Amino acid sequence: MKKLLITLFIICMSSHAFASNKEGRFVQKNNLFPRVKIITSEGDIIVELDRSRSPLTVNNFLTYVVNGDYKNSVFHRIEKDQYSEIDEFFVLQGGGYDKDYDGLFQRKPIFNESGNGLKNDMYTIAMAYQDNEPHTATRQFFFNMKDNDHLNPGRGWGFAVFGNVMEGYETLDKITQVETGFNEKIGYDFVPKKPVMIYQVEILKAEAL
């Protein structure tokens with residue numbers, strides 16, 4: 001009886017491990033433009049992803065989505081363009097920290113697909129990576145809040161755009177108005193003083209052709 005219980009426990013644990021490691025490439029695998037809804041404390045954002053140009057990046061993002069890895073994460077960077085002559089925002093970045101600004105689990109880094117022809121234009125979504133290490137993107141993403149031509153590839157690598165905002169522009173604009181400051185824990189400026197939550201990211205039903 002004891003052996004049976006141990007066996008059942010192992011089976012259950014294995015099933016749980018498998019369930020929490022679904023792969024994004026199998027999510028609507030025949031849909032080149034899957035859509036997701038990002039549910040935040042400031043409203044919803046609907047994003048259309050582009051597998052035709054950014055297959056590795058989209059599938060990586062969907063892996064985090066389908067496993068619930070973005071649940072209760074935050075936007076931790078709401079940055080203005082310091083070099084602009086007008087008062088405008090630069091990027092809105094999130095997905096990597098919880099509400100206490102502790103770092104979240106990361107999967108393996110992915111290859112940088114910034115040469116896919118998609119530009120870091122306003123209201124596009126792109127992957128963030130570590131400074132000067134273009135192939136280190138894991139789970140953090142950002143929305144371009146202006147046309148950021150300098151983030152596109154040139155003589156060096158750029159940042160890989162993998163989708164466009166379809167609805168929720170007003171939500172992004174609302175988030176940019178949140179009060180920010182320096183956060184000692186993560187060592188960044190432009191961090192919201194009150195966490196802007198990403199409650200969940202949901203995969204939307206594929207639209208009929």
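**Entry 1: the hairpin.** How many residues does the hairpin use to join strand 1 to strand 2? I found that 2 residues make the link. Strands here are DSSP runs of E with at least two residues, helices are runs of H or I with at least four, and both are numbered from the N terminus. I then looked at the pairing of strand 1 and strand 2, which is antiparallel over 6 bridges; two strands pair if DSSP finds at least two bridges between them. Val-36 has Val-47 in strand 2 as its bridge partner.

**Entry 2: ground rules.** I noted that this is a predicted model, that local features need pLDDT of at least 70 and side-chain atom pairs pLDDT 80 or more, while totals for chains, interfaces and linings use all residues. Residues are numbered from 1 along each chain as its sequence is written, and side-chain values use heavy atoms, with hydrogens and water left out.

**Entry 3: confidence.** I checked pLDDT, the predictor's confidence in each residue from 0 to 100. The chain has a mean of 89, and 86% of its residues reach 70 or more. Over residues 1–19 the pLDDT is below 50, and this stretch has 1 contact beyond near neighbours in sequence; contact means heavy atoms within 4.5 Å. A reminder to myself: where pLDDT is low, the predicted coordinates should not be read in detail.

Entry 4: I traced a closed barrel of 8 strands in the order 1-2-7-5-6-4-3-10, paired antiparallel. Its neighbouring strands are turned by 35° against each other on average, direction ignored. Strand 1 also pairs with strand 10, antiparallel over 5 bridges, and there Lys-37 stands opposite Glu-202. Strand 5 (residues 124–127) and strand 6 (residues 141–144) run antiparallel with 3 bridges, and Ala-126 faces Phe-142 of strand 6.

**Entry 5: helix 2.** Which strands does helix 2 lie across? I listed strand 1, strand 2, strand 5, strand 6, strand 7 and strand 10, with helix 2 (residues 55–66) at about 105° to strand 10. Angles run from 0 to 180 degrees between N-to-C directions, with axes fitted to C-alpha atoms, for helices over the stretch in contact. Among the buried ones are Phe-61, Leu-62 and Tyr-64. After helix 2 comes Gly-68, with a positive phi near 70°.

**Entry 6: Val-161.** Is Val-161 buried or exposed? Val-161 has 2% relative accessibility, so it counts as buried. This residue sits in strand 7. Val-161 and Ile-125 are 36 residues apart in sequence, yet their C-alpha atoms are 5.7 Å apart. Beyond its neighbours within four places in sequence, Val-161 has contacts including Ser-54, Asn-116, Thr-124 and Ala-126.

**Entry 7: Asn-152.** I found Asn-152 in the loop between strand 6 and strand 7. Asn-152 counts as buried because its relative accessibility is 13%. Its side chain reaches the backbone nitrogen of Asn-120 at 2.7 Å. Not counting residues up to four places away in sequence, Asn-152 touches Leu-118, Lys-119, Asn-120 and Gly-158.

Methods: Buried < 20%, exposed > 50% of the residue type's maximum accessible area, 1.4 Å probe, protein only. Polar contact = N/O pair within 3.5 Å; in protein donor to acceptor, adjacent residues only side chain to side chain.
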